[in-house]
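Here are some quick notes on the salt bridges in this one. Have a look at the model, then read on.

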Amino acid sequence: MIRSLTALVLAGSLAFAPVANACTGIKLTAKDGTEVAGRTLEFGTPVDWYVTAVPSGTQIKPELPAESGGLTYKTKYGITGMTAYDTTNFVDAINEEGLYVGLFYFPGYASYPDLGDDNRAKALAPQQYATWLLANFATIDEVKAHFDDIVLVAAEFEQMGEVIPMHVRVVDKTGNAIVIEPTDKTLKIFDAPLGVITNSPTYDWHMTNLSNFVNLSTLNVPPVKLDGVELQAAGQGAGMHGLPGDFTPPSRFVRAAVFSQSAIPVETGAEVLEQAFHILNNFDIPYGAVRGEENGKVAPDYTQWTAVADLTNGTWTVKTYDAQNLRVVDVKAALAAADGKVVHIDSKKWSQSFEDISSEFK
């Protein structure tokens, strides 16, 4: 068996797939009405992650080639969450009205029109879309009415050296959720009542694929008799036999739907926050278990951070690969402390804390 595993690893090292980005998102509701939206963030290359506060009234400029025009606007609402690099490009965040937006990789399917005279005045780069939504809207109804007031064009994210293929999940404090995808060079919107999202293919494909798993059950399979011989399941979890366990987007989508929908409702916001992190732990990708290739080098795709937004109480909580203890941001308190300025907190400076309980054995 060890030789077989070694051969598998060696074979994989000779034929790497392109670098993958395997993010997973869920939403949950507590009995007291608290709504939370959580996700993991996986990436196969190093990214500088910053927890950022962008106050209301901040001017946001388009990230397009020089002298290309584009949409400049001011934020109506303050925002806090995670940005890629020390930019205002939010990847996962919540605004002061309790609207959540998460950006998820969407390779092979995202497509954007080129920048031209017909769309220049309302053009934005793909990495700016989450920020624009958070800056301007408070509810799903508002987003539905205006999600395509801008045009996402094929503009490179300079720090990453590529046009970002992405789609977004949006959730408001009532628990309403949608997914917006840029396909066929236009923005398409889907209601997302389960609140689940992963990566490619398209959202409607994932929902159709769920039909292949209607046999799954949280209840254990009862014994059966064959010619007088009683056969019992080998142990707990027989009702979930066949649940896909790999790291592909379709398999993670199914698991995310099953785990979030089968979660027993808890009483309070604090409890549902913990519950979300426990569920998302199932989507952690260990360093080295999934590998791609980036510029001729091995690029292990792993869980760089996990975050949960409490849309009811206005908090955003995160843990990173190198700092598993939870760090909580109170959105309104953070924006007040920022005092009208854009402020970045470098997550690389965080370290894991360990509590020594040795003295408790006295």
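Predicted model: local features only at pLDDT ≥ 70, side-chain atom pairs only at ≥ 80, totals over all residues.

1. Residues are numbered from 1 along each chain as its sequence is written, and side-chain values use heavy atoms, with hydrogens and water left out.

2. Searching the whole structure turns up 7 salt bridges (a side-chain nitrogen of Lys or Arg within 4 Å of a carboxyl oxygen of Asp or Glu).

3. One of them pairs Glu267 with Lys31, at 3.4 Å from N to O. Glu267 sits in the loop between α5 (249-262) and α6 (269-281) and Lys31 in the loop between β2 (24-29) and β3 (35-43), so this contact ties together parts 236 residues apart in sequence. Helices (H or I, at least four residues) and strands (E, at least two) are DSSP runs, numbered from the N terminus.

4. How open is that pair? Lys31 is exposed at 56% relative accessibility, and Glu267 is partly exposed at 43%. Here buried means under 20% relative accessible area, exposed over 50%, and partly exposed in between (1.4 Å probe, protein chains only).

5. Asp117 and Arg120 form another salt bridge, their closest N and O atoms 2.9 Å apart. Asp117 is exposed, with a relative accessible area of 70%, whereas Arg120 is partly exposed at 28%.

6. Which residues join up in a network of salt bridges? Asp48, Asp346 and Lys348 do. Within it, the Lys348 and Asp346 side chains meet at 3.2 Å, N to O, and Asp346 is buried at 15% relative accessibility.
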